[in-house]
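Dear colleague,

I am passing on the structure we spoke about, and below it you will find an account of what was found in it. Please read the text with the coordinates open beside you.

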Amino acid sequence: MLLNNNCYSERKADMSTLLQYRNLGKSGLRVSNVGLGTWVTFGAQVTDEMAEEMVTLAYESGINVFDTAEVYASGKAEIVLGKILKKKCWRRSSYIITTKIYWGGKSETEKGLSRKHIIEGLKGSLERLQLEYVDVVFANKPDPHSPMEEGNVPHSAVKFARYMEEIVRAFTHVINQGWAMYWGTSRWNAMEIMEAHSVARQFNLIPPIAEQAEYHLFQREKVEMQLPELYTKIGIGSMTWSPLACGILTGKYDDGVPIYSRASLKVEGYGWLKEKILCEDGRRQQAKLREVAIIADRLGCSLAQLSIAWCLKNDNVQCVLLGAASVDQLYENMQALQYLSKLTPAIMSEIDKILGNKPVIKKEVRDQR
């Protein structure tokens, strides 16, 4: 169902005073604290018309970050987003487009982080998006074919450094060519990010500015323990995804897997989600969510809104990417912003007590003798 102009005005007015803008890491790029992601939905789960409605609602509400990837719906997500942006004719300087490079095709040379694929992959993304440049291009995962990942390779540390140099040089090249403003990492560990930064400084290249990481009530350690340290040391920012854990944190899987849910999709690659929900650990998580839902009821919000607000409450996170399968769902998720002030230290401690998974810094025990 499409929203009329009056409905848009009412909805965007609700958001104008709630959104905040932050520098992404220690870069000068100002991002809205929530962004719109296109994983699973654009080019697959939702119609092009619905996608346009969601992008319009987000943009007119003040959201300026739109995230996609070459692999999403085999490139269709970028095509859909590109058509919307071209149709809307918004000033290119008024929004931020981020895409990710790694899986571009079935051929061996159409995936990974070789100089060849970084350059050709980004060119392909720009063509699909109908843009001259993206604002941030992310390396969508560390390459398993790097010497450090493969292991059992003589002098692997040296080879890994040389391989990282190729990656950093390639991203520096696409930035110097004007095809991207910045580059970042996604699902990299702290050692890999530090290595990229070290290589950039050693050879006077451009270092990554941010890491895209999964972050939600049941996935905390990296964002809460590793990334703040990287921000302090080298200025790496945090852009997080899956605040609802692919829908698990909405409460809709409390009684199993609904027919039209994401976990029921027959699409290749989503069987893991159904298994995760139905396994013993998944059932324990659902039990904890029932307790968290009681807190949400007390605050007057949905479990999904509480889960998103909880992510936003982390000052070390500059942007939380939201996904949605409808305009109404996106609007409801965006409303999580109004509950941020209600998440007092006491409420946050109550949630931590229920979850029992708050990362703790292990202090070294010194011999007092």
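To begin with the charged side chains, Glu-120 forms a salt bridge with Lys-116, with the closest N and O atoms 2.9 Å apart. Please keep in mind throughout that this is a predicted model. Both Glu-120 and Lys-116 belong to helix H5, where they are four residues apart, about one turn of the helix.

Asp-135 and Arg-92 meet through their side chains in a salt bridge of 2.8 Å, taken from N to O. Because Asp-135 lies in strand E6 (residues 134-139) and Arg-92 in the loop between H4 and strand E5 (96-101), this pair ties together parts that are 43 residues apart in sequence. Asp-135 is buried, and Arg-92 is buried as well.

In the other pair, Glu-211 forms a salt bridge with Lys-222, and the closest N and O atoms are 2.5 Å apart. Glu-211 is in strand E8 (residues 210-214) while Lys-222 is in helix H9, so the pair ties together parts that are eleven residues apart in sequence. With a relative accessible area of 0%, Glu-211 is buried. There is also a network of salt bridges, in which Arg-220, Glu-224, Asp-352 and Lys-358 are linked.

Turning to the packing of helices, H5 comes up again, this time with H4. Helix H4 (residues 76-88) and helix H5 (residues 115-129) pack at an angle of about 45 degrees, and their axes are 7 Å apart; H4 and H5 are therefore oblique to each other. On the side of H4 the contact is made by Glu-78, Ile-79, Leu-81 and Gly-82, and on the side of H5 by Ser-125, Arg-128 and Leu-129. Sorted by class, the contact of H4 with H5 has three nonpolar, two polar and two charged residues.

How are H8 and H9 set against each other? Helix H8 (residues 190-202) and helix H9 (residues 221-234) pack at an angle of about 15 degrees, with their axes 11 Å apart, which makes H8 roughly parallel to H9. The crossing of H8 and H9 is right-handed. Ala-190, Ile-193, Met-194 and His-197 of H8 make the contact together with Gln-226, Leu-230 and Ile-234 of H9. By class, the residues in the contact of H8 with H9 divide into five nonpolar, two polar and no charged.

Two points on burial remain. Helix H12 (residues 303-312) has ten of its ten residues buried, so H12 is largely enclosed by the rest of the structure; among these buried residues are Gln-305, Ser-307, Trp-310 and Cys-311. Val-327, which has its place in helix H13 (residues 327-334), is buried with a relative accessible area of 3%. Val-327 and Met-50 are 277 residues apart in sequence, yet their C-alpha atoms are 7.1 Å apart in space.

With best regards

Technical notes:
Residues are numbered from 1 along each chain as its sequence is written. This is a predicted model: local features need pLDDT of at least 70, side-chain atom pairs count only at pLDDT 80 or more; totals for chains, interfaces and linings use all residues. Side-chain values use heavy atoms; hydrogens and water are left out. Axes are lines fitted to C-alpha atoms, for helices over the stretch in contact, and angles run from 0 to 180 degrees between N-to-C directions. Angles under 35 degrees count as roughly parallel, over 145 as roughly antiparallel, 65 to 115 as roughly perpendicular and the rest as oblique. Contact means heavy atoms within 4.5 Å. Ala, Val, Leu, Ile, Met, Phe, Trp, Tyr, Cys and Pro count as nonpolar, Asp, Glu, Lys and Arg as charged, and the others, Gly among them, as polar. A crossing is left-handed if the near helix is turned anticlockwise from the far one by less than a right angle, and right-handed if clockwise. A salt bridge is a side-chain nitrogen of Lys or Arg within 4 Å of a carboxyl oxygen of Asp or Glu. Buried means under 20% relative accessible area, exposed over 50%, partly exposed in between (1.4 Å probe, protein chains only).
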